[in-house]
Amino acid sequence: MTTSQERGMWGSRLGFILAAAGSAVGLGNIWGFPTRVGQGGGAVFVVIYLFCIVLICAPILVAEFVLGRGSRQSPVGAFKYFSSGTRWWWVGALGVVTSVAIVAFYSVIGGWTIGYVWYSATGALSSGGEGAGDFFTQFTGNGFKGVFCTFLFLGLAAASNIGGVRTGIERVAKTLMPALLVLLVLLAVRSLTLPGAAEGLAYYMRPDLSQAFNMSVFGAALGQAFFSLSLGNGAMLTYGSYLRRSEGIGRVVLWVVLLDTFIALLAGLIIFPAGFSIAGFDPASTGPGLIFAVLPELFATLVGGRLFGGAFFILLVIAALTSAISLLEVPVAHVIDRRQWSRPKAVLVVSGSAFLLSIPCALGFGAVESLTDFVPAQWGGNFLGLVATLCNNFSLPIGGMLIAIFVGYVWRVDRAVAELLAEHAWFPAPRLWGLLIRYVSPLGISIILVISMLAVIM
Ligand code: PHE
């Protein structure tokens, strides 16, 4: 087992905030959030999502960081450290397996964004003629292109992980975050000034409670909240294990939650007003192609749209990479800690396994019909959707619930709070946090899981 000395640490607290934010901000915010808002009927989804973030997920984020920092171990080791001789380490193991599955489908979507960098540069997006939605269908329906782009994305993530999780990410995130924010704000301003924007804005921000909504919206919102904050599978726990004890957790959590939520909300502010300005736009039926269908149309309305499009997709690839690196880090740190493998060997084996699962994910968009036909719509509609639904809507919230129960009842809140407040760290309302982690988070998750199960069965 590696000792804390060899383990390597983040350069500074800012470095850690950037790395954790780099993990949180990714495809989940810019691709996943608008897609799920569209499938969930608009503003009602947004409201439930925000409740999940504040009441359920933020307290669990604190718990993951404190478990990691306190134990200096990756997930399986952390549970063994605080509760040796019990079966709690299974929670860590669930996180390891879930991370590999998420890397698999994440890389497919990451691959699409790489494809779109290329198509923006060549001008194919703006001169497609047949409309951006059809272009996306054709692109993702081509099995060779899908698998090739997935391979590229996963290869880049693996190489960056080998190159150094700690030194590299801090530097990349420092320039990425401000650049991404500026570009997103510009795009939102443009989108809001398009004809039809008001309708999109109302759909996105004015909950229409008179309309019946599908019960599955609760599970989707909770799953999206977990996914967006990189929560429930031990990614934040693993990052926390590289944090010095002298660095407080309170501020990091505040920054990560604010930044992640702000960027997701901003993405919606770009997609829906622009979407509703396109004739015949239906946010619910577009599915995973939503941003790929809307954004090229938005870029086409801009002077220098090709440049904007290219820059946007490059930034999105980088944001997705900093998330994928953290996903890989969960299984990689696990085998390094447990088996003393070298990092390159660990990364190769882990990403190789993930790639095998990526292949059917990439081929389920028309290339191989049988990968689509067997999955009902409420389970994601194709193989990738199925893996994503299982991970996001079930595995991550279940992992998060078990983490909350572990910290609240097994390790116990007073010890966790003592660890949180160590070295005079700033942490607001520790008692409130104790209540949230013991009661609100686990109960909220169980209620939503029951509702989701019912929604699936009925
Ligand atoms: N939060 C990342 C995103 O929004 C995805 C992720 C999920 C990363 C789980 C790590 C763990 O893109």
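Four helices each supply at least two residues of the shell around the ligand: H2 (13–24), H3 (27–39), H11 (216–228) and H16 (305–339). Helices here are DSSP runs of H or I with at least four residues, numbered from the N terminus. The model is predicted; local features need pLDDT of at least 70, side-chain atom pairs count only at pLDDT 80 or more, and totals for chains, interfaces and linings use all residues. Residues are numbered from 1 along each chain as its sequence is written, and side-chain values use heavy atoms, without hydrogens and water.

The shell holds 15 residues, each with a heavy atom within 4 Å of the ligand. Ala 24, Gly 28, Tyr 106, Phe 227 and Ser 230 come nearest. By class, six are nonpolar, nine polar and none charged; Gly counts as polar, and Ala, Tyr and Phe as nonpolar.

Polar contacts are pairs of N or O atoms within 3.5 Å. A ligand nitrogen lies 2.8 Å from a polar backbone atom of Phe 227. A polar backbone atom of Ser 23 is 3.3 Å from a nitrogen atom of the ligand. Asn 29 places a polar side-chain atom 3.3 Å from a ligand oxygen. Of the 320 Å² of accessible area that the ligand has on its own, the protein covers 100% (Shrake-Rupley method, 1.4 Å probe).

Aromatic pairs number 35, with ring centres within 6.5 Å; planes under 30 degrees apart count as stacked, over 60 as edge-to-face and the rest as tilted. Tyr 203 and Phe 272 form a tilted pair, 5.3 Å centre to centre with 45° between the planes. Tyr 203 lies in helix H10 (residues 197–205) and Phe 272 in helix H13 (residues 250–276), so this pair ties together parts 69 residues apart in sequence.

Technical notes
A polar contact is a pair of N or O atoms within 3.5 Å; within protein, one must be able to donate a hydrogen and the other to accept it, and residues adjacent in sequence count only if both atoms are side-chain atoms. Rings of Phe, Tyr and Trp (its six-membered ring) pair if their centres lie within 6.5 Å; planes under 30 degrees apart count as stacked, over 60 as edge-to-face and the rest as tilted.
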